[in-house]
Amino acid sequence: EPWQQLVADSSTAIGERSALRLEDGSGLQLNTDTRIAVTFNETVRQVQLLRGELLLQAAADDRLPARPLLLQLRNAQLLAMGARFAVRMWDDHARVAVEQGAVRIRLGDRGDVTQVVSAGQQAIFNAAGIGPITALQRNSLAWVQGVLHAETMPLGELLGELARYRPGVVRCDPEVARMRVSGVFQLDDTDTVLALLQAGFPLRVRYRSRLWVMVDPA
């Protein structure tokens with residue numbers, strides 16, 4: 001949205017990933033089409049995720065008293081407790097995936113609903129509540145290495161993920177959308193991924209233009 005562009009301190013374009021270092025030494029990696037705003041003051045360290053997906057490696061604060069490191073979303077606040085974790089935001093929900101340390105989710109203005117997600121765990125949440133804690137899925141962090149792990153993933157879902165990394169539109173015929181696909185795919189070259197899918201499955205990839213791709217039954 002235009003207002004996000006105005007308030008964002010850092011952003012990535014579609015298909016771009018970027019690594020940043022905050023003034024306290026915390027590391028940030030931004031995935032495709034992501035925007036953030038950063039606020040550091042005497043009492044708090046805060047990163048606001050306006051759009052997209054990021055990985056945050058929390059650093060210890062050298063000030064006394066130490067300032068908390070917070071990740072602010074639309075309807076939730078995440079408190080990083082020595083954590084390395086990824087957060088992805090959709091229109092109506094978000095997911096936190098914790099690789100190291102722990103993250104406390106707080107919902108609402110008063111933080112009435114809270115949940116700690118520890119290393120090796122992930123959870124989905126929205127303004128209404130926090131879903132069950134589940135085991136960390138490999139694909140939740142694979143984008144940091146520029147890959148997508150598909151394990152019997154429906155083709156429609158796979159193409160939806162690829163579409164995040166290329167401008168334009170990727171469409172999938174409903175007849176093949178449920179086809180199960182497994183493999184490791186490079187996100188930096190989506191045209192090659194589409195060619196591999198066409199070569200390995202009964203599919204036809206049609207380019208109406210560089211910005212309009214259709215995947216149909218062969």
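Predicted model: local features only at pLDDT ≥ 70, side-chain atom pairs only at ≥ 80, totals over all residues.

1. Residues are numbered from 1 along each chain as its sequence is written, and side-chain values use heavy atoms, with hydrogens and water left out.

2. Arg88 sits in strand 7 (residues 76-89); helices (H or I, at least four residues) and strands (E, at least two) are DSSP runs, numbered from the N terminus. Arg88 counts as buried, because its relative accessibility is 10% (buried is under 20% relative accessible area, exposed over 50%, partly exposed in between; 1.4 Å probe, protein chains only).

3. The Arg88 side chain makes a polar contact with that of Glu161, at 3.1 Å (N or O atoms within 3.5 Å; within protein, one must be able to donate a hydrogen and the other to accept it, and residues adjacent in sequence count only if both atoms are side-chain atoms).

4. Glu161 is one of the buried residues of helix 3 (residues 155-163), along with Leu155, Leu158, Leu159 and Leu162. Seen down the axis of helix 3, the buried residues fall within an arc of 155°, so they line one face (the arc is that of directions from the helix axis to the C-beta atoms).

5. An open sheet of three strands runs in the order 14-17-16, with mixed pairing (strands pair if DSSP finds at least two bridges between them). Strand 14 (169-172) and strand 16 (203-209) each have a single partner strand, so one side of each lacks a neighbour in the sheet.
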